[in-house]
Amino acid sequence: MAIARSFLLVFGRPGKEQRDLILGSDWLEDLASRGWLEKDDLRRLRKGLPRDPGEWESFVLTTFDVGFPSPPVPLFETHYLKEGSAPGVLHENILYYKAFGCELKEGDSDNPDHLRHQLGFLVILCWLESGAGASPATVRSALTARKEFVERHLLSWLPNAAKLAERKAHPLWGGLLRA
């Protein structure tokens, strides 16, 4: 669950905690020790990253949120949709969330298929899987839902987002989206 929470922080709103996790901790080394990043890449992934809070915020926003006609690396599942309908994908995300009592915050401008929401949902499923006072049936449901959700709603688009990030953004983002 800690790994899911850290990815939620990294792909959430830009801020000090996000910057500190990437720049000032051993988090990237931990991912490399798990085989999710190449150990030789860690220096390259950190090279040129801004340390100033304002520059960090601009760095993140201009990668994922700002651009015309779209940002360099949109973090929306529907942006990478090859089959099916965007409304269907959005609806299915919402149905997964509702099945476990989750709702998007009112006024949240991001679609339900934004990586931030998808990772937040995974954190909740991991918490339920841990037992955390949940019934055995809920634990089983959470485990099944997590596997299905990852397959249907993350693995369907994150590899393409990683490829796009490798072409259009700082190397850090492609590496983390591949992890």
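**Ground rules.** I number residues from 1 along each chain as its sequence is written, and side-chain values use heavy atoms, with hydrogens and water left out. Since the model is predicted, local features need pLDDT of at least 70 and side-chain atom pairs count only at pLDDT 80 or more, while totals for chains, interfaces and linings use all residues.

**Entry 1: α9 and α10.** I looked up how helix α9 (residues 158–168) sits against helix α10 (residues 171–178). Helices here are DSSP runs of H or I with at least four residues, numbered from the N terminus. The two axes come within 7 Å and cross at roughly 165°; axes are lines fitted to C-alpha atoms over the stretch in contact, and angles run from 0 to 180 degrees between N-to-C directions. That makes α9 roughly antiparallel to α10 (the label covers angles over 145 degrees).

Next I listed who touches whom, counting heavy atoms within 4.5 Å as contact. From α9 I noted L158, A161, A162, A165 and E166, and from α10 W173, G174, L177 and R178. By class, that contact has six nonpolar, one polar and two charged residues. My classes: Ala, Val, Leu, Ile, Met, Phe, Trp, Tyr, Cys and Pro are nonpolar, Asp, Glu, Lys and Arg are charged, and the others, Gly among them, are polar.

**Entry 2: largest pocket.** A pocket is an open set of points on a 1 Å grid over the protein atoms alone, where a 1.4 Å probe fits, with protein on both sides within 12 Å along at least five of seven lines; lining residues have an atom within 4 Å of a point. I got about 590 Å³ for the largest one, the volume being the space filled by probe spheres set on the points. Its lining has 21 residues, and F7, L119, L122, L154 and A179 are the closest to the centre. α1 (2–10), α7 (115–129), α8 (136–154), α9 and α10 each supply at least two lining residues. I counted 18 nonpolar, no polar and three charged residues in that lining.

**Entry 3: second largest pocket.** This pocket has a volume of about 270 Å³. Of its 14 lining residues, L104, R116, H117, G120 and F121 lie nearest the centre. Which helix gives the most to this lining? α7 does, with five residues.

**Entry 4: cis peptide.** I found a cis peptide bond joining F68 and P69, with omega about 5°. P69 is in the loop between α5 (53–64) and α6 (86–99).

Methods:
Angles under 35 degrees count as roughly parallel, over 145 as roughly antiparallel, 65 to 115 as roughly perpendicular and the rest as oblique.
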